Amino acid sequence: MSMRKGIFGKTSNGEVAHIITIANNSGMSIEVTDYGATLVSVSVPDKEGRLSDVVLGYDDVTDYERNTAYLGATIGRIGNRIAKASFSIDGKEYFMDKNEGENVCHSGPHGYHGMLWQMELREEENMVAFHHVSPHLEQGIPGRFDVTVTYQLTDENEIRIHYSGCSDRDTIVNMTNHSYFNLAGHESGKLITGHEIWIDADAFTPVGEDLIPTGEIRPVEGTYMDFRTAKKIGRDIDAADEQLRIGGGYDHNFVLNHYDGTLRKVAEVFEEGSGRKLEVFTDLPGMQMYAGNFLGGGSVGKDGAVYRNRSGLALETQYFPDAVHHANFPQPFLKAGEPYDTTTVYRITVANR
């Protein structure tokens, strides 16, 4: 195991950003930056032992400042969408900055993805910790929220992302990671439509035209959202279906089975050419599957790679989008003084097939 620290450029206001490389004893390494507490790269061997970087990203911090797709970012304080950019706690209404029509997505223009975090290297644990103190009413959300996000790389090829924090007032918290995976390699030119995916979810939350959940929890049985048996992402993604039309493909929250607040496996992705397998573990009730339907436009990433629509797959563990307006959804409310504590694990290995 090893860790090293380097310079990742300067932000537009002259702040120096850093990049940390963490390697394990199994030939895998990751890079993270204190800008946005962002996962920049994940290099892992394929079935022939060849290394490839399997997440989308950029070469330096200036590109991340222009990052409209949230590549690799820590999202907070609230991930995903809230209708009308408003919510209530104890009868008091709060308003966030709108950035998607009348709604807010990923906490608006001043989310955690665009901030320089404090950083601490914990070499004995092969881990880096990022820390931020979010003032009361930052992003329009109540409570001074003291939050830490850690990335740890294990010898089992696990990227363990742990979120912990505490607020001095009742608040809402729904943090996630927005990495886009392409198990063939971010620079391969292959689309993720050829990846197979299994999701342990008997239901999903359908959305209206604005991508806000309607409040319904709909069984996946008989729909194109049924991934309980693994299938290629591209098999049905362009089917004549209202939900797929609204999202431009898959951009939906899955109601994960066996939710009890403990860590369990919820998804598995396989790419035949490389033989790589990605397993997702979380203790949260939902996961957004976003197939990168709007990544195109000639976006240039690391090493000159050109990202097209569906070049990457985001699997964002979460409380359900807009849960604050749907009492039948698990709620992201956090009481003053109570700990916020959640873990997501991405494990990448070669499949035995």
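His178 has a relative accessibility of 3%, so the residue counts as buried, the cut-off being under 20%. The model in which this value was computed is a predicted one. His178 sits in the loop that connects strand S16 (176-177) with strand S17 (180-181). With neighbours within four places in sequence left aside, the contacts of His178 are Ala69, Tyr70, Leu71, Gly72, Ala73, Ile75, His106, Tyr290, Ala314 and Glu316.

In an unreviewed entry, UniProt lists His178 and Glu316 under "active site". The two residues are spread over 139 residues of sequence, yet they cluster in space, with a largest C-alpha distance of 6.1 Å. Both His178 and Glu316 belong to the lining of the largest pocket.

What volume does the largest pocket have? The value is about 500 Å³. Its lining consists of 29 residues, and those nearest the centre are Thr68, Ala69, Tyr70, Tyr180 and Tyr290. Helix H2 (242-247), strand S25 (286-290) and strand S26 (299-300) are the elements that contribute two or more residues to this lining. Sorted by class, the lining of the largest pocket holds 13 nonpolar, 10 polar and six charged residues. Among the residues nearest the pocket centre are Ala69, Tyr70 and Tyr290, and these three are also in contact with His178.

The second largest pocket has a volume of about 230 Å³. Fifteen residues line this pocket, and Tyr35, Glu65, Pro109, His113 and Gly114 lie nearest its centre. Here the lining is made up of five nonpolar, eight polar and two charged residues.

By class, eight of the residues lining the largest cavity are nonpolar, two are polar and two are charged. The second largest cavity holds about 40 Å³. Asn182, Gly185, His186, Ser188, Gly189, Lys190, Val306, Arg308 and Ser311 line the second largest cavity. That lining has one nonpolar residue, six polar residues and two charged residues.

The strands come next. Strands in a sheet are paired through backbone hydrogen bonds, in either a parallel or an antiparallel manner. In this model, six strands make an open sheet with antiparallel pairing, in the order S17-S28-S25-S22-S19-S20. S17 and strand S20 (218-219) are at the edges and have a single partner strand each, so one side of each has no neighbour in the sheet. Strand S25 of this sheet is also one of the elements that give two or more residues to the lining of the largest pocket. Strand S17, at one edge of the sheet, is the strand on one side of the loop that holds His178.

Within the sheet, strand S19 (residues 201-205) and strand S22 (residues 251-256) run antiparallel and are joined by four bridges. Which residue of S22 is the bridge partner of Ala203? The partner is Val255.

Another antiparallel pair is formed by strand S11 (residues 118-122) and strand S12 (residues 127-134), which five bridges join. Arg122 is placed opposite Met127 of S12. The hairpin of S11 and S12 has four residues between its strands, and Asn126 there adopts a positive phi near 55°.

Two further residues are described through their surroundings. Leu39 lies in strand S4 (residues 38-45). Is Leu39 buried or exposed? Its relative accessible area is 0%, and Leu39 is therefore buried. Not counting residues up to four places away in sequence, Leu39 touches Ile30, Glu31, Val32, Gly72, Tyr151, Ile159, Asn177 and Ser179. Gly72 is among the contacts of His178 as well. From Leu39 to Lys84, which is 45 residues apart along the chain, the C-alpha separation is 30 Å.

Ser86 is located in strand S8 (residues 86-89). With a relative accessibility of 7%, Ser86 counts as buried. Its contacts, neighbours within four places in sequence excluded, are Glu93, Tyr94, Phe95 and His325.

Technical notes: Residues are numbered from 1 along each chain as its sequence is written. This is a predicted model: local features need pLDDT of at least 70, side-chain atom pairs count only at pLDDT 80 or more; totals for chains, interfaces and linings use all residues. Side-chain values use heavy atoms; hydrogens and water are left out. On a 1 Å grid over the protein atoms alone, a cavity is a set of points where a 1.4 Å probe fits but cannot get out, and a pocket is an open set with protein on both sides within 12 Å along at least five of seven lines; lining residues have an atom within 4 Å of a point. Grid points are joined across faces, edges and corners, and a volume is the space filled by probe spheres set on the points. Ala, Val, Leu, Ile, Met, Phe, Trp, Tyr, Cys and Pro count as nonpolar, Asp, Glu, Lys and Arg as charged, and the others, Gly among them, as polar. Two strands pair if DSSP finds at least two bridges between them. UniProt positions are given in the numbering used here, feature names are shortened, and annotations may be inferred rather than shown by experiment. Buried means under 20% relative accessible area, exposed over 50%, partly exposed in between (1.4 Å probe, protein chains only). Contact means heavy atoms within 4.5 Å.
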